[in-house]
Amino acid sequence: MKRPESVQGAKQRSRVLLLTSSLLTDRMFMFTNLFEVLRRRVDIDVWSQSFNNPRHFSTWKSLSVEVKKFPKVDPFPEFPHNYLRRLNEFAWDFSRKPPSRISLMRHRGKRLAIELRFLSLFARFLAFFGLEQKLENRVESLMLSYDRSSEAESLMSAERPVAVLVTGPFQFKQPAIAAAAKKLGIPTIAFIPSWDNLSTKNRMVLNYDGYLVWNEKSRNELDYFYPETKGKPVYVVGAPQFDAFFNQSLFQSREEFCLQQGLNPGLPIIVYAVGSPNFLVEHHGALHLANRISNGDLGDVQMLVRPHPLHNEGEMETLFDEFGPRIIVQKTAQAGDRQIGRTQDKNQIIDWINTFRHADVVVNLSSTVSIDAAIFDRPVVNLDFDPQPGQSDQQLIKDINHLWTHFKPIAESGGVYLVNDFDEMVEAISTYLENPELHREKRRWIAEYVCGFLDGRSGERMAEAIIDFATRLKDKT
């Protein structure tokens, strides 16, 4: 149904549709000035996957924007659509040879089904003759011809937004909405939601009308990996998910934070951040460190284990029960929430921010939490070895730190303490506890290199870019 104008006879303002289907992008909507700046020039609709979960209604309703449930999205048929998508990915991998994806193919390629291995061989042929762009154009046409979300198409046909912001162009659902928008002639602008996506994720098949990236390096990667984007508007806006780190109203005192987490404010806090279990098996490192702390190898300290909020199912609490009050497992997700319907309320964002503000040392395995820590000038110990028994991913982890496009500059910057075994890990933590200023200047470089801006205003720049994009389009019509 067409929206009534707020004032009789007044010209109706343009509307922009914003999509989010991950708690990592929900953060950008909820805890930046994105909406505040956008509302000055345009009206806003939000389609949110976590709004499909009644548990999160109140969080979204507090934002004073029009939020709707995410439309139903159907998968592509396995054949020929998904097979052609994979063929296209392989062809571009062999054409552009991104170190990260070639490394992953080398270490995990044997797990591929036999038919995908045959596709890989054919893709080499296509790349050799420079046919990857022609293939992608054909694949995009095929994808656009398949209706994955008639609900989304109907809604957009009625609302007619001037532009659609896609914050998950590498995800399952949002490209289906973008495809429906393209059918209707509605321009789309894609936000690359993290610094590693262009060099590590499966390929974006859809060709968007504009792009938003964190930093200049990502802009250059976009040109290289997606030559069709040249000449299109690309905006460098910074990392909006970190705007909350500069919002002092979300800061807690050390005493308040420790009281909530069950920690002792008078003891050093070692934060062990565990990444996605779908990629690497990391919790063995945290278990080993918990054992060393319990044995007194690091003196009078405590550890907060932080599971990844997207993948925390509560299983870690049982693993660390035996270690007692000095080892705490943080609750980073709502028990019972499906991953795709999760978001984080204000209290969970406060936990996230203050975990890194008050950490004395952060331990992780080549993850974005190195950036979280660097923003707050917290020392980072980064594993350069596989902590799981048998070390089956040892060489892969070496590649991540020393070959992968996004993390090699961080690992080799001198701003993190690379460790090759558990004894070195303990030694590095002890060194940082005694000298927390060590590597400070390099940590600052890491934060600036990845985030582009460290002023807490990336959400504002994102809004200004969307307005500029929509204005350009309007001027052309």
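Predicted model: local features only at pLDDT ≥ 70, side-chain atom pairs only at ≥ 80, totals over all residues.
The open sheet comprises 6 strands in the order 10-9-8-11-12-13, and the strands pair in parallel. Its edges are formed by strand 10 (327-329) and strand 13 (417-419); each has a single partner strand, so one side of each is left without a neighbour in the sheet. On average, neighbouring strands of this sheet are turned by 20 degrees against each other, when direction is ignored.

Within the sheet, strand 8 (residues 269-273) is paired with strand 11 (residues 361-364) in the parallel sense, and the pairing extends over 3 bridges. Valine 271 has valine 362 of strand 11 as its bridge partner. Helix 12 (residues 254-261) packs on the sheet, where it touches strand 8, strand 9 (302-306) and strand 10. The direction of helix 12 makes about 55 degrees with that of strand 8.

A further contact involves helix 13 (residues 283-294) and helix 19 (residues 422-434), whose axes come within 11 Å and cross at roughly 65 degrees. The crossing of helix 13 with helix 19 is right-handed. From helix 13, the contact includes His284, Gly285, His288, Leu289 and Arg292, which meet Phe422, Asp423, Met425, Val426 and Ile429 of helix 19. By class, the residues of this contact divide into 5 nonpolar, 3 polar and 2 charged.

Note on methods
Residues numbered from 1 in each chain as written. Heavy atoms only, no water. Axes fitted to C-alpha atoms, helices over the stretch in contact; angles between N-to-C directions. Helix = DSSP H or I, 4+ residues; strand = E, 2+ residues; numbered from the N terminus. Left-handed = near helix turned anticlockwise from the far one by under 90°. Contact = heavy atoms within 4.5 Å. Nonpolar A, V, L, I, M, F, W, Y, C, P; charged D, E, K, R; others polar. Pairing = 2+ DSSP bridges.
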